[in-house]
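Open the model in your viewer and keep the selection tool at hand. We will go stop by stop.

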Amino acid sequence: ASFYPCAVDNACRAPEPWGVSWITSMFLHGSWDHILGNMLFLAIFGKNVEDAYGPLRYLVFYFAGGFAATMTQAAMTLWFGTAQDARVPSLGASGAIAAVLGAYWVLYPGSRVTTWIFPVFVVRIPAWIWLGLWFLYQLIEGSFGLFNAKANGGGVAFFAHVGGFIFGLLITRLLVRAGQATPQARDADSPLS
């Protein structure tokens, strides 16, 4: 049920059609660290975006973000990778969650994110800085992976994160302008605000 980029251009026969596996792969994870990391990001940023979108629109947005992320990674793999790279399955919800992060960046840029800076500092920084640095890291790591397969972070689909984030940012800007997504008031004492 993982997604195989080579199935998109019919260069291989995947266990499931790519039109199905882009959905099923969003519900699979490679390890406990993978799923727990994704759920941490979703818990921190997802609820506020859902409040701004409404539950049904948020669900549609989440799946559309997952599709955009999966197709971005597949395109980068097919255009710049080898045939063997295109046969490596991808899975996880991080592309859809990256779309949520892009939406959060638009909706709540001034909110503060409590974060730990190695080794012992805990600081509260504006979300736009935190998410901007996160996005920059994804873009740099993905770009290094284009030139050296060993630089891809051990199989992390960085361009899925990049594609999801850009999708979330652009769609949320459009929906805010159209009055279809509105940031909700937030509790200033919240540890996640």
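**Stop 1: helix 5 and helix 7.** Helix 5 and helix 7 are oblique to each other. Select residues 94-107 for helix 5. Helices here are DSSP runs (H or I, at least four residues), strands are E runs of at least two, and both are numbered from the N terminus.

Before going on, know what you are looking at. This is a predicted model, where local features need pLDDT of at least 70, side-chain atom pairs count only at pLDDT 80 or more, and totals for chains, interfaces and linings use all residues. Residues are numbered from 1 along each chain as its sequence is written, and side-chain values use heavy atoms, with hydrogens and water left out.

Two packed helices are described by the angle between their axes and the distance between the axes. What are these values for helix 5 and helix 7? The angle is about 40 degrees, and the axes are 6 Å apart. Axes are lines fitted to C-alpha atoms, for helices over the stretch in contact, and angles run from 0 to 180 degrees between N-to-C directions. Angles under 35 degrees count as roughly parallel, over 145 as roughly antiparallel, 65 to 115 as roughly perpendicular, and the rest as oblique.

Helix 5 passes helix 7 in a right-handed crossing. A crossing is right-handed if the near helix is turned clockwise from the far one by less than a right angle, and left-handed if anticlockwise.

Now show the side chains. On helix 5, the residues that meet helix 7 include A98, L101, W105 and V106. On helix 7, their partners include H161, F165, L169 and R173. By class, this contact has twelve nonpolar, seven polar and one charged residues. Ala, Val, Leu, Ile, Met, Phe, Trp, Tyr, Cys and Pro count as nonpolar, Asp, Glu, Lys and Arg as charged, and the others, Gly among them, as polar.

**Stop 2: helix 3 and helix 7.** The crossing of helix 3 with helix 7 is right-handed. Helix 3 brings residues including F61, A64, A68 and M76 to the contact. Helix 7 brings F159, G163, I171 and L175, among others. Which classes meet between helix 3 and helix 7? There are eleven nonpolar, seven polar and one charged residues.

**Stop 3: helix 2 and helix 3.** Helix 2 packs with helix 3 at an angle of about 125 degrees, and the two axes are 7 Å apart. Helix 2 is thus oblique to helix 3. Their crossing is right-handed. L42, G46, V49, E50 and Y53 come from helix 2. P55, R57, Y58, F61 and Y62 come from helix 3. This contact divides into seven nonpolar, one polar and two charged residues.

**Stop 4: the aromatic rings.** How many aromatic pairs does the structure hold? There are 15. Rings of Phe, Tyr and Trp (its six-membered ring) pair if their centres lie within 6.5 Å; planes under 30 degrees apart count as stacked, over 60 as edge-to-face and the rest as tilted.

Select F45 and W130. Their ring centres are 5.8 Å apart and their planes sit at 40 degrees, so the pair is tilted. F45 is in helix 2 (residues 32-53) and W130 is in helix 6 (residues 127-147), 85 residues apart. Are these two buried or exposed? Both F45 and W130 are buried. Buried means under 20% relative accessible area, exposed over 50%, and partly exposed in between (1.4 Å probe, protein chains only).

Next, pick Y62 and F63. Their centres are 6.2 Å apart and their planes at 85 degrees, so this pair is edge-to-face. Y62 counts as buried, at 12% relative accessibility. F63 is partly exposed, at 24%. Then select F41, F45, Y104, Y108 and W130, which ring pairs link into a cluster.

Stop 5: S2 lies in the segment before helix 1 (18-24). S2 counts as buried, at 12% relative accessibility. Leaving aside neighbours within four places in sequence, S2 is in contact (heavy atoms within 4.5 Å) with S21, S25, L28, P89, S90 and L91.

H34 is in helix 2 and is partly exposed, at 25%. The C-alpha atoms of H34 and A93 are separated by 9.2 Å, though these residues are 59 apart along the chain.

Finish at F121 in strand 2 (residues 121-126). F121 is exposed, with a relative accessible area of 52%. Beyond neighbours within four places in sequence, F121 is in contact with T115 and W116.
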